[in-house]
Amino acid sequence: MAAVYKSLSKSAKKVEDHEENENNNAPNGGFRKNKQRVLILSSRGVTYRHRHLLNDLAAMLPHGRKDVKFDSKSKLYQLNELAELYNCNNVMFFEARKGKDLYMWFSKVPNGPTVKFHAQNLHTMEELHFTGNCLKGSRPLLSFDGTFESEPHYRVIKEVFLQMFGVPQGARKSKPFIDHVMSFSIADGKIWVRNYEIREVEKVKGEKDSEGNDIPAADDKSSKKRKGAPNAELKDTDVSLVEIGPRFVLTPIVIQEGAFGGPIIYENKRFISPNQVRSELRKAKATRHNARTEQVKERLGKLETITAQAKKEKDLLDTKELFA
Amino acid sequence: MPRQSTRTKKPATKAVEPEKVEKVVEEKPQKEQKKRGRKPKQPVAEATPVEDKMEVEEEEEIQIKADEQQPEQQEEAGSDSEEGSDEEEGDDIDLNALDESDSDSEFERDLNEKQSAAGIQANKYTKQKAEESSDDEDDEDEIDIDELDVEGEEGEEVKAISKARQTINNKQGLLTALKRFALDTSDKVPFAFHQSIVAKKATEESIPSIDDDLARELAFMNQALEAARIGRALLRKEGVPFTRPTDYFAETLRSDETMEKVKAKLIEEATAKKASAEARKQRDLKKFGKQVQVAKQQERAKQKRDTLEKINLLKKKRKDGGGPTGANEAEDLFDVAVDNELKGAAGSKKRGRDGKESGGPNAKRQRKDAKFGFGGKKKYLKSNDALSSGDVSGFSARKMKSGGGAGGPGKPKKFKPAPRPGKARRKASAGKR
C-alpha cells in the first residue's frame, strides 16, 4: 500500500533535480546511521550449489541472518512479515525453479524496491580452489563498475548491492580491518560479482609509477608522501589482489517499486528465460528429426503415387480388362 | 601471480557456457517482446499491416548481435505468422469495435482522431505518439515506452517508434525509488561509512570479448585493484585501521580445513608438473641412450689403451736404462713416471696418429658396428614403432596406381616380367610339351 501511496503522491510532486534531493535526504545535514540487516533465505528445491552459495554469502555478511527455507514461491509478500519478525530491512531470497534455475530476489523490505535477478555461473568458494582468504566479517570495499552510474536502473541495483553486501560500520559481528574487495562489473548486460582478498606486498622500487596514478587528486596525503619519498617506512607497500570466491553472474530481470510487490518500474528486455533457452535448444534438435521424417514421408508419398500410376497403366492391358 | 592466472582459467571456462547458449537464441526474447509489445499499439497496427511489417523489419535490423542463420529464419517465420493473424483481425473487425476493446484512454483518443488519421502513415506515427503521451498522463506515468520519454523531439519520432519495444523502463519511477532508500555516499560523509567506490571507466570497454576468460577476469580484477588502492588511501586518510596486524588472529572466511585442501591441491599440481618434466627428460635421455652408451664404451677403451701404452713405455725405458746402471734404476723409474705425467696426453695423441689401434677396431668394423649394432639389445630392434609406422614418406600414390604394389614402393620398374598366361593357355602349352 505504501508503494501505491508513493506512486500517487509522486505525480503531484515533480522531481527535477535528483542529485539535490538525494543530498537533502540526509536529515539535519548529518548522515543517517547505516543500519542494515539482511534476511538470507532460499525457497525449497535449491540444489547443493545454490545452498553452498547461500552459505558463502551468509558467511560474508555478518549483518545477515540466515533463515530456514521458505515454503512458498507464489506468496513472496509473506517475506515482508518474516523480515519484520527478524528485524531485517533487507531480504536476499534465493528462488530455485525446476531444481536448476536460480533467481535471486534482493529487496528492501518495508517499502521497496525489489530487484529480481537470474543467477548463472555459480561457483562457490569451496569449489574454486583460490588461495585468497580474509577475515570472517571484515567490512568489504565495494567496487562498482562505472556503468552503474549510467542508467537509473543500474543506480538502483547499485544502491541495493551497497546496502546488502556493504557491512555497515560498527556492525555487531564485524571485524575492524579491511582485507577484501567485492567487485561488481557490468559486461554483456549482466552483473559479474567477484570477491578478492587485498594483500599488501612489498613494493618493488622500480614500479612506483604504477602506484597512485589512479588515485584522485583530492583524496590523500599518504599517496603523495609515498610519491615524494618512496622509501617511507611503513607505507611503502603496494596492494595486490587474490581471488577468494564465490563467483556468480546476475542478470537483472525486473525491478518492482515495492517490497515483493508493487508496480514494475523496470523490465530487462535482454533477459531470456532459461526455459526459453532450453526449449530453443530442444527445438533446434527437433528440427533435424522433423526434416528427416518429412523426407521419409515425401518419399513414401512419391512411391505411392508411382505405384498407383503404374497400376492404372497396367490395368488397360490386364487380362481382366482385355477379356472382360 | 602467473599461477593465479592459470588457476583462474579453469572455472571461468566452465562459466562461459551458459552465455554461449544464450547467444545462440538471442533473437527469441525480441520476438516475445514483439508479441507483448504489439498489444497496446493494436489500433494502429491493425489498421495498416504494411506499417507493422516495416516495423518488424526495422526491429530485426536493430538487433544487438548478428546471429546464426537458423534462429533468424525461425524468427522470421514466427513474425510472419503473427502478421498474418493481425491482418486477418484487421480485415474482419471494424475499427470502432477494435478501439472499444482497448483501454479507456486509447479509446477516447481514437474516437477523436481515428477517421482523419486512418490513411497516412506519417499521421499514424504522430497519432500513436500522442496516444502514448496521453497514456503517460493517465496512468501516472508508471509505464513508459522505452526511450520515448527520452527522445521527445518530433523529428525523431519515426525512428523512436520503430525502435520501441514495450518493455518497462520507468526512469522517473526508478529515480524516485532510488531517492527513497539511497544512502548518502557523497563527499560529505566519511568514506568509511559506505566504503564503496565507483570506477570512472566502464569495465566492459576493457574486455575485448566476453568469451575470453582471461581478459575478462583481468578486467574485473583491475577494476577491483584500482578500487582497493583508492579505498586504502581514503581509509588511511581517515585513520581507519586497514592492514591486519600479524598478531591478530580471528576466524577467517574460509576455514583452515579448506585452505589446507587448497594448499594440498597446489602442491599436488606442482609435483605433477615436476614429475611430468622429469618423465619427459627421461624419455629424451632414452632416445639418446644408445649414443651415450657407445660413447662411453669408446671412452673406456681409450682409457684402457692409454694405460697400456704407458706401461709399455715404462717397460721400454726400463729395458733401455736397465743395462748400464743398476743403481740408476729407481731414479729412472721415477723419471718415467714424471715423463708420463708431463706428456701423457700429447704422447697418446701422437701415438694415435701413427698407431693403428687408436680408434679401437678398424674403420670398416666400426662402420659395420654402427650399421648393424654391436652389443646391446637386439630384440625389437627392427620392429615398428609409432614413428616408423607413421612415416609414409616412402608411399607414392602414383606408384600405387601404376600397379605392381608387390614390387615394393621404392623399386623402379625397369621391365615387367611377362604376365602369367591364362589357364586355358597354360593348359594348351602344357599339352604341347
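Leaving aside its neighbours within four places in sequence, which residues is A:Leu122 in contact with? Select A:Leu122 to begin. The model on screen is predicted. The contacts to look for are A:Arg49, A:His50, A:Leu53, A:Leu102 and A:Phe248. A:Leu122 itself sits in strand β5 of chain A, residues 114–123. It counts as partly exposed because 18 C-beta neighbours fall inside 10 Å, and a buried residue needs 20 or more.

In sequence, A:Leu122 and A:Val249 are 127 residues apart, but their C-alpha atoms are 7.1 Å apart in space.

**From β10 to β8 in chain A**

Keep A:Val249 and select A:Trp192. These two residues are bridge partners, with A:Val249 in β10(A). Strand β10 of chain A covers residues 247–256, and β8(A), residues 190–202, pairs with it in the antiparallel sense over 3 bridges.

To see one facing pair, pick A:Ile198 and A:Leu241, the latter in β9(A), which stand opposite each other.

Is A:Met182 buried or exposed? Select this residue, which is found in β7(A), the strand of residues 180–187. A:Met182 is buried, because 22 other C-beta atoms lie within 10 Å and the cut-off is 20 or more. Not counting residues up to four places away in sequence, A:Met182 touches A:Pro140, A:Leu142, A:Ser143, A:Phe165, A:Val193 and A:Asn195. Show A:Gly166 too: it is 16 residues from A:Met182 in sequence, with a C-alpha to C-alpha distance of 8.9 Å.

**Helix α5 of chain A**

Select residues 152–165 of chain A, which form helix α5. The helix has 14 residues and reaches 20 Å from its first C-alpha to its last, close to the 20 Å expected at 1.5 Å a residue. How many of the residues of α5(A) are buried? The count is 14 of 14, and the helix is mostly covered.

**Across to chain B**

Select strand β6 of chain A, residues 141–144, together with β1(B). These strands pair in the parallel sense over 3 bridges. A:Phe144 stands opposite B:Val198, which is in β1(B).

In all, 82 residues of chain B are in contact with 93 residues of chain A. On the side of chain B that touches chain A, the elements giving two or more residues include α1 (2–24), α2 (27–47), β1 (196–198) and α12 (256–322). Select α11(B) as well, since this helix gives the most to that side, with 18 residues. Colour that side by class to find 39 nonpolar, 20 polar and 23 charged residues.

**Chain B as a whole**

Chain B has 433 residues, and buried residues make up 19% of them. Among its contacts with a separation of 6 or more, 63% are between residues 24 or more positions apart.

Technical notes
Residues numbered from 1 in each chain as written. Chains lettered and ligands numbered in written order. Predicted model: local features only at pLDDT ≥ 70, side-chain atom pairs only at ≥ 80, totals over all residues. Contact = placed C-beta atoms within 7 Å. Helix = DSSP H or I, 4+ residues; strand = E, 2+ residues; numbered from the N terminus. Nonpolar A, V, L, I, M, F, W, Y, C, P; charged D, E, K, R; others polar. Pairing = 2+ DSSP bridges. Buried ≥ 20, exposed ≤ 12 C-beta atoms within 10 Å, placed from the backbone. Expected span 1.5 Å × (residues − 1).
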